[in-house]
Each structure stands twice: as C-alpha cells, then as structure tokens.
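Subject: Structure handover

Hello,

Here is the structure I said I would pass on. Please open it next to this email and follow along.

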Amino acid sequence: MSGRTPLVAGLCSITLRALTAEDVVAGAARARLGAIAWGADGHVLPGDVATAAALARRGRDQGIEVASYGSYLGVGPPPPGVDEVTPVLDVAEALGTTTIRVWTELGITPESPIAERDRVRERTAELADAAAVRGLDLALEFHPGTLTHTAASTVALLDALDRPNLRTHWQPDPTLSSAAALDELRAVLPHLASLHAFTWGPTGIDDRRPLAEGEDLWPAALALAARSSIPNPRNVLCEYVRADEPEQLVADAATLHRWIDELDP
C-alpha cells in the first residue's frame, strides 16, 4: 500500500470506566495496546495535572502512549464566568498528548436554526484558537445529535472554520449499512484524527457485540484509514466493549491486531 499510515491499536479509557486509572493501564498492557485516550469524566479530571503526569509516566513504562485527552468541552453551553478551557489544556500538556477531543453541542444538529448552529460554530472556533496558542490540536467527537451527525455536516463545519489544528474522530453509525458507513469514513478521511472501534447491533450502545462480528466493516475501514500518509501513526481505539468486560477488551484487541497485521504492506 503506497504511502501507508501506520495504525496503532489503542483504548478509550471510558471503555473500562468502572476500573481505576491504574487498572486501565494494566488492562491496556495485557491487551498489548499501544495508546490510551484518557477520559475527562473520571480517570483524569480537568485541572488534575499531577494525576495526568503520573499516568503518562506509568503508561510509557508499559510502552503505552497517550492518544488524546477526551474532554467534554463543547458538549453544552459554556458555564457563565467559568474558565473551563484552561484546566483541559493544562491536563493535555501534562499527559504529553497533542490532541484534545471536543464536542459540538448535543441537541444542535444540521437541522437546527441557523442562530444556534452559528453559536456552536463560534464556540468551536474559540476552542480551536485557544488550543492553537498552546500548540495543541482538537478532534471533534463524531456523534449523532450534533453538528457532526454525518460526514457531510462534519466536513461542512471543518471547512467553514478552516482551522489547521481542528480535525475529527470517526466512529460507525450502527444504523447504517457497512457500505454507507465506509462512505462516511471516506468523506472525512482528509480530516481524520483517530477511529473509535466497536461493533454494535442496530439498536446501538445497548447491543454491544464482539468486535469480530464487524468483519464486514472494520478491515475495509482500517485499509481506508491507513491509505493516506500523515506525519504520525493513526490510533484505532477500542471503545464500549461488550458488557464492559476486561476479558472482552483482550479479545477485541486481539481481533484488531489481527486486522491491522493483515493490511497490505
């Protein structure tokens, strides 16, 4: 594969939300994963730079890098008079990552009134500009019920904002066919940060299945993600495994490793 981008199998820490951060590192090491995206809603809280630095060191000792900091900036309107941005930027720096996950506001979709969409665009631009001052990148959560509901709406937002440090994650919409999901991935590929890897049934998060049941989607998705050359490896992060079981993470990681290893050289 000409110009192939290396793919690194990793983990979103919220996949093991019930475990301690130390146990998340141990679980990732057991599954032979090379990166962790740390969640800001439990394992590494905004502003807790001491914990962030300690986890980054512990991960590196196990050969595990920090893929990103999974913040919830943007998921709702900013609280009046509260600086919610600086604590997130501080933790990202302490983790040693260059990427912060942000959201576009839940409930504001491509069909929302233009004033609401403009407000979310302006907020996203402000976040990107604040991160750029620190030399950090942002990656949008690719999520239903937001301005990143579809590939088309995500690309339109990214094109409108035109911030070089703003990209998007990607995850499959379980209501789409595999062919349609691959079309969505193909559309965002020039802006792609990482992929969130899972296999769900059509009813979504409550119908979690072994990753191996996504054979009709994931090998092709990984081939697409590896197709274009970027400066750094691209992370493929296991997320929301069946029943939140650490053993299922090990099995899913083995499947993901196999699919990556089977890509054309």
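This is a predicted model: local features need pLDDT of at least 70, side-chain atom pairs count only at pLDDT 80 or more; totals for chains, interfaces and linings use all residues.

**The whole protein**

The protein contains eight helices and ten strands. Its radius of gyration is 17 Å, which agrees with the value near 18 Å that a compact globule of 265 residues would have. Along the principal axes, the C-alpha atoms fill a box of roughly 45 × 45 × 40 Å.

Of the 265 residues, 50% are buried. The exposed surface comes to about 11400 Å², and 53% of that is supplied by carbon and sulfur atoms.

How far apart in sequence are the residues that touch? If we take contacts between residues at least 6 apart in sequence, 77% of them join residues at least 24 apart.

As for charge, there are 37 negative and 22 positive side chains. The centres of these two sets are 3 Å apart.

**Helix 6**

Helix 6 runs over residues 178–188. Its buried residues are Ser178, Ala181, Leu182, Glu184, Leu185 and Val188. They sit on the same side of helix 6, because the arc they cover around the axis is only 155°. What lies over them?

Thr86 is part of helix 3, which spans residues 85–95. Thr86 and Gly47 are 39 residues apart along the chain, and their C-alpha atoms are separated by 7.9 Å.

Thr146 is found in the loop between strand 5 (137–140) and helix 5. Its relative accessibility is 1%, so Thr146 counts as buried. Which residues does Thr146 touch, leaving out those up to four places away in sequence? They are Thr104, Glu105, Leu106, Ile108, Thr109 and Pro110. Arg117 is 29 residues from Thr146 along the chain, with 9.6 Å between the C-alpha atoms of the two.

When you go through the model, you could begin with helix 6 and its buried residues, then find Thr146 in its loop.

Regards

Technical notes: Residues are numbered from 1 along each chain as its sequence is written. Side-chain values use heavy atoms; hydrogens and water are left out. Helices (H or I, at least four residues) and strands (E, at least two) are DSSP runs, numbered from the N terminus. The radius of gyration is taken over C-alpha atoms; the globule rule is 2.2 Å times the number of residues to the power 0.38. Buried means under 20% relative accessible area, exposed over 50%, partly exposed in between (1.4 Å probe, protein chains only). Contact means heavy atoms within 4.5 Å. Accessible areas come from the Shrake-Rupley method with a 1.4 Å probe; for residues, only the protein chains shown count as cover. Lys and Arg count as positive and Asp and Glu as negative; His and the chain ends are not counted. The place of a charge is taken as NZ of Lys, CZ of Arg, CG of Asp or CD of Glu. The arc is that of the directions from the helix axis to the C-beta atoms.
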